[in-house]
Every structure is written in C-alpha cells, then in structure tokens.
Amino acid sequence: MGLLIIALVTVILLFARRFWAWARRKPLPQVAVRPGTKGKVRRFVDGLGKIKAPARITPMLTAVEVDEWRCAAEAVERQAIEAGPEPDCEVLVVGAGPSGLMTAVLLARQGVKVRLIEKNTGPATESRAFAVQARTVELFRNIGLAEELMGRGVVTTGIKFHIKGKPVGGLDFDRARAATTPYQFILMAPQAEIEDLLLRDLARQGVTVERGTRLVSLSQTDKQVMATVRQNDRERVISARYVVGADGSHSTVREQLGLAFEGDRYTQRYLLADCQVDWPFDHSHFRIFMNGRRIGLFLPLKGSDVSRVMVTDLTTGTGPVDLGELQEELREAMRVPVTLTNPVWTSRYQVHIRKVEDYRSGRVFLVGDTAHIHSPAGGQGMNTGLHDAANLAWKLAAVLRTGAAAALLDSYDQERRPVGVEVLRFSDRLYKLAAGLHGWRAWVRDTVGPFVIGRMSAAPLPHRKAFHRLSQISIAYEPSTYNVNELLYSLKGPLAGHRAPDARINAGGQMFDLLRGYRLHVVALSRKHLTDAEITELAAQLNSIKAFGGNVATHLVGRVQCRRDDRVEHVDSPQVFEHYGLTDPESQALYVIRPDGHVAWRMDTLDFESCRRFLVRLHGGIAACEEYRLAAVA
C-alpha cells in the first residue's frame, strides 16, 4: 500500500510539473525513448507521455556547407577592412566599477583589444555592496581568482534574525544541500576589495584604466562607435567597434542613448558605516534586527576590527553622518548595547529601484548599475552586474575573433534583461517585507515574526530554497537559437540555458576543475564503460572539434573497461553522472558549456556531427579548419 501511495504521489507531481510549465507557457522539453529501454512505466515516467522517436544522426557536413561557413569567418576580416581606418580599440568600456572591470578583464583574457575609461581620478575607497554570492565566487574560480577573493572576505554560512532585540531564528546554509556548488555560503567582501582584485588582474593583462577621463558624447554608425571624451580639459575622440556602458546609476552612456531609467526611490533613508563594533554578539554572522519602523544590519568584514552596520535613518539630518548619531539609531533598532568607534567611512543614502527597457542600442551595451539598480536586500546588485559582464564578454569576443554571427549579440538583452527584472522584483519584495513596513504592518511583523521565523528555521526546505535564490545558482536562460536541447532521454541534469553544476569526478578533481578558463568547453560523458577502440575514436572526434578554433577546450569524462587512460578523465564517483542526467548504466551525453558557465547545447548521445553544426552557429570557428573540409569532400 505504501508503494502504491508513493507511485501515485510521484505521478501527480509529474503531472503538476507539466501543468505548471504549460500554464507559464514554458513547456518542458520533450524526452525521447532511449534505444533498448524496456517497460512502458519507465517510458511514461521519464517523459510523462511526451515521447518521440530519437533524432536521426545527421550526415557528414558537405563541402558546400563548410565553404559557406569559411566565407562567413573570412568576412569578419573583410568587414574590418571595408569599415575604413582601424578603430582605436575593439571594445571601449566606460566605467571602472565592478561590472566594467569584469567586462574588461574577460575581454582582455580573450585577446580583444579593450580600453577602459573612468571619470574618477582614483579607485573607490567607499563601497555599499558587500555580499559576494556563490555564483560569483564560481565566476572568479573560472578565471583563477577565487582563492585570492576568498582571502579578501569573511565566510558567513547564514543569516540570523532578531526582533525587538531577541533572536528568533534564521537561515543556516549548512542545511541547504547545495551539492552542485563548492561555495555553500555568502562571502562578505566589500566592493572596494573586488575592484582592487580585478584591477590587479587587468594590469596583468596589460590594460590600464584611463582615469580622469569623462565621456562627453557618443555617436555610432553600422561599423563603429565614436566616443568623445574629456581629460584635463582637453577633448578627443576614441573610436571602437563596440562600447560597453558600465558608468553606474548616473550613466552618461545611457543618457546619450536616450534610454529611460524607469523606477522610483524608496521613502526610507539609511545610515551606514564601516567601523569597530563593540556588542554582546560575535563578529562572524550576518544579522538583521527589526524593531517597528527601524531595521538594523550587521555585516562581518574583518572580525572585531571592522564591521559594517546599517540602520534606518529617522533623523532630519542632511549633512555628513555623525557616528554618535548612527550609534543611537542603531541601539533603538537592535535593542542591545552597542558602541561604535574608529570609523573607516560613513554615509547617508536613499535606495532606488530602476531599470532600462533595453540592454542594447546598436553597438552599445549596458551592464550593471547602468542597466538596473535595486535595494541592498539580498545582496544581489553587484553580483548581477558581474554576471551581466560574464554573459556579454564572450559573445563580443566570438563576433570579433571567431566569425560568430552578429545576431549572437542580441541574446545578451534577451537573456540578461529578464534576469535583471526578476532580481529587481525579488530584492523589492525582500525589502518591503523586512524594511518597508511601518505602523500596524510593522506591529504585525514584530508580533507574528518570531513564530513564523522560528518554524521556518526548524524546517529544512526554507534553508535550501533561500540559498539557491540568494546565491543565483538557480538562474537559467530560456531555450533559443543559442541554447539548444538537441535530444533528451531524461529531464534530469542541466538543460540548455541552465548553469552547469559542479560534481565530483574522482579523488583528484571536480567538474569545475575541467571547466576552468573563460572559454567554450565540449564535454563528452560516458557512464557506459568504454573500450580502448571507443576511447581512440572519441578522443579523435574531440581533437577535431578542438582544431576548429575559437578557443574551445574538450574533455572525455567516463568509465573504461581497460586500465586507466590519460585521454579519459576517469570517474570513480557517480555524482558527475547524477548531476548531468546520465541515469542509465549505458547512458552517454555531449554538452557544450559556455564561458559564463551555462549549458549552450545538450544531446543525450555522442553525436559529434550535430555538435559541430551547433558550434558553427555559436562561434564560427569550424569554418577555418582545412582538414575538416577535405574530410567532407572525401
């Protein structure tokens, strides 16, 4: 009887999943029947009735197709010649905040000629952004900077809530069960530290920030962009193939494009300071204090030496913040004795919530605060901007370097604008729930909150859901021309557009170790034990893909019948198969993983011909391979 109930619940949940996808007009991909699969129940559960015949293996590419692609790749060079004089740079980045610096770093790492201008004469010493989420640490790991980043911050594994001075529970990320990331925490690292880290890496790439340089105006043709800039009261023009606007909420780039920055500001103001905090609690946990219309925050930065505190500003002051004034407001919010000393910096500010309706205008793109600003609730702002940069940089490089179609650049707005809107809504809801209440609503929160938060803290699901949402590891892009599920035998594992998860491969390595380097990765996975002949064939296929160019790395991950082979990343743990959807003992799959860590293409069989076709669409590098053209002719 128990098994029957479990079976019925499983079927109901599967139907509910399909219905929910249909209601949102985002149907789940269809699942095919795996050759050799036995049993109607297995087929029904895997696809829930959405079963079709496996796709045909595509034939060898013809010589005509390869020549067409070759011409497309060569057209990139011709376009540069036809455009007239060589521009001063390929990409001009305006603004040296976190988003602009990350854009420049990623472009420089791919050999793109980039220039970075900044109106301020020196790097920022004050920073309101503080939380580095797991997805962002993964990005820094991808470019080899995670260890240095970790050394500049404090790991906090949860959030503790206090109402009217009493602890009422909180979120414990140790209970999040986030096996797909090695960073199951929030890293408290000030924005100034992030900028300094990126500046040092940019210098290693041979790029210097042109400080004291203010953008005056922009004009563009269908070939390039001309930026008039002012430095030391002298104006000059910088020409570029593309411009990336990363100059913040008061963006000149956005103004020059005539894009509206729609939104509003919250009524509450806030006081904040980085200072030494003497109080009865530890200095290692993120804490939120709620008391009527006041909210106070404590964020660990450098142990007991320096912490960040924020509090609702109910004063009438407009000038510089007095630390004593902040201390009194904080005591009212926290209801605990707290003493503030040795301030590093203080500020009084008001929170805005705004966004643009288009992240692209011709050859100009917007990233970070130039495109969206939101409340500090949830610590999402800086992280979202950094991933705007990660999404855009590889696409610009593919168009400039490997002959990818210019249409690839359209996918930046199509993918990142919905993410920006959703992050805006999420942070707005968090803000209004915690800090935007007053009067009877604040009284209800303070009265019911201890019970609700206490029950929430006792259950495992809220910790898992909260971490996945805050960490941004659950962000996924919709299927498109550049996010393709070619053939699926299972809905388990990451679909196209979703983040590629980490997983243990063997005692010596994780999946993220293979995916290092901001570049395309083609990963062939085989749960089926491979023979020596099969390894030879698969290795040759992967090497042929690598030869197409476009900075593609290839990997063969699986189990073997013979002794260990250096051509194969040997698997001693089923986790990598479980995380990538290889549920059957004989299953195999082929993935194309983008430089920003999202799956571009997935096929639950090793069809390298289809993979090559997709790579042509994605970056065009296949067109430059003479050996492949000759093979096609033969």
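Residues are numbered from 1 along each chain as its sequence is written, and side-chain values use heavy atoms, without hydrogens and water. In this predicted model, local features need pLDDT of at least 70 and side-chain atom pairs count only at pLDDT 80 or more, while totals for chains, interfaces and linings use all residues.

Two packed helices are described by the angle between their axes and the distance between the axes. Helices (H or I, at least four residues) and strands (E, at least two) are DSSP runs numbered from the N terminus. Helix α4 (residues 98-109) packs against helix α7 (residues 191-204) at an angle of about 25°, and their axes are 9 Å apart. Axes here are lines fitted to C-alpha atoms, for helices over the stretch in contact, and angles run from 0 to 180 degrees between N-to-C directions. The two helices α4 and α7 are therefore roughly parallel to each other (angles under 35 degrees). On the α4 side, the contact (heavy atoms within 4.5 Å) includes Pro 98, Leu 101 and Met 102; on the α7 side, it includes Gln 191, Glu 195 and Leu 198. The residues of this contact divide into eight nonpolar, one polar and three charged. Nonpolar covers Ala, Val, Leu, Ile, Met, Phe, Trp, Tyr, Cys and Pro; charged covers Asp, Glu, Lys and Arg; the others, Gly among them, are polar.

Next come the strands. Two strands pair if DSSP finds at least two bridges between them. An open sheet of three strands runs in the order β5-β9-β6, with antiparallel pairing. Its edge strands, β5 (131-132) and β6 (154-156), each pair on one side only. Two bridges join β5 to β9 (residues 186-188), and Val 132 stands opposite Leu 187 in β9.

Strand β17 (residues 306-313) has eight of its eight residues buried (under 20% relative accessible area), so β17 is largely enclosed by the rest of the structure. Strand β14 (residues 262-278) runs antiparallel to β17 and is joined to it by seven bridges; Cys 275 stands opposite Ser 307 there. Strand β16 (residues 294-302) is also antiparallel to β17, with six bridges, and Gly 296 has Val 311 as its bridge partner.

Two loop residues remain. Arg 177 is not a glycine, yet has a positive phi of about 55°. Arg 177 sits in the loop between β8 (166-172) and β9 and is exposed (over 50%), with a relative accessible area of 63%. Asp 233, also not a glycine, has a positive phi of about 65° and lies in the loop between β12 (225-231) and β13 (234-245).

Key
Angles under 35 degrees count as roughly parallel, over 145 as roughly antiparallel, 65 to 115 as roughly perpendicular and the rest as oblique. Buried means under 20% relative accessible area, exposed over 50%, partly exposed in between (1.4 Å probe, protein chains only).
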